[in-house]
Amino acid sequence: MTVFYLVAFLSIFFALMTIFTKNPVHSVLYLVITFFTFTVHYILLNAQFLAVVNFIVYMGAIMVLFLFVLMLLNLNKDTEPMKSNLVKFMGVIAGCCLLVTFFGVYRVFEISNPLTVVNPEIGLVKNLGKVLFNEFLLPFELSSLLLLTAMIGAILLAKKEPKQI
């Protein structure tokens, strides 16, 4: 239980650091750490497949893409637009709405009995594979054909025509 609270604290801390950091590259790096703490949460919930997908897809692909885009944009203080007072006022209103939501959740929140898992096999990759390849084989194969078609189309669009001599 202490591991959960430690990881939850780290998740909230790094999420706040993502928001409040001025440097966009540092913000993206804090977001990567936040996604890593989410992966730890998935492992604690016995959802190994979601943990692996979160780790590979979000941390490995999307966040690296964000980081490269930010580095290519070369953002600095000269290119940052001035924020009007209306934008700042709307930000304050949104923050107040978030605080009201947090207080409402805290008021309704009550401590319950510890969670008893009915089926401890839920969330394992082995069971997901059984369901995916037995009950949902046709949609799985159709989606794989769709992705294959999209990949071939992207290759054909990116292919350069040979020069005519």
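**Exercise 1. How far apart do the end C-alpha atoms of residues 136–158 lie, and what percentage of the span is helix?**

Before we start: this is a predicted model, in which local features need pLDDT of at least 70, side-chain atom pairs count only at pLDDT 80 or more, and totals for chains, interfaces and linings use all residues. Residues are numbered from 1 along each chain as its sequence is written, and side-chain values use heavy atoms, leaving out hydrogens and water.

*Step 1.* Go to the ends of the span: their C-alpha atoms are 33 Å apart.
*Step 2.* Check the secondary structure: 96% of residues 136–158 is helix and 0% is strand. Helices (H or I, at least four residues) and strands (E, at least two) are DSSP runs, numbered from the N terminus.
*Step 3.* Look up the record: an unreviewed UniProt entry lists residues 136–158 as "transmembrane region", along with 6–21, 28–49, 55–75 and 87–109. Such annotations may be inferred rather than shown by experiment.

**Exercise 2. Describe the protein chain as a whole.**

*Step 1.* Count the elements: there are 6 helices and 0 strands.
*Step 2.* Ask how many residues are buried (under 20% relative accessible area, 1.4 Å probe, protein chains only). Of the 165 residues, 12% count as buried.
*Step 3.* Turn to contacts, meaning heavy atoms within 4.5 Å. Among those between residues at least 6 apart in sequence, 57% join residues at least 24 apart.

**Exercise 3. Follow helix H3 from end to end.**

*Step 1.* Helix H3 covers residues 48–73, which is 26 residues. Its first and last C-alpha atoms are 36 Å apart, close to the expected 38 Å, where the expected span is 1.5 Å times one less than the number of residues.
*Step 2.* Find the kink: H3 bends by about 30°, centred on Met63. This bend is the angle between axes fitted to the seven residues ending there and the seven starting there.
*Step 3.* Met63 is also one of the buried residues of H3, as are Ala51, Asn54, Met59, Leu67 and Leu70.
*Step 4.* Look for their cover: it includes helix H2 (24–44).

**Exercise 4. Is Thr18 buried or exposed, and what does Thr18 touch?**

*Step 1.* Locate Thr18 in helix H1 (residues 2–20).
*Step 2.* Thr18 has a relative accessible area of 14%, so Thr18 is buried.
*Step 3.* Leaving aside neighbours within four places in sequence, Thr18 contacts Ser27, Tyr30, Leu31 and Thr34.
*Step 4.* For Leu31, go to the atoms: its backbone nitrogen lies 3.3 Å from a polar atom of the Thr18 side chain.

Key. Buried < 20%, exposed > 50% of the residue type's maximum accessible area, 1.4 Å probe, protein only. Polar contact = N/O pair within 3.5 Å; in protein donor to acceptor, adjacent residues only side chain to side chain.
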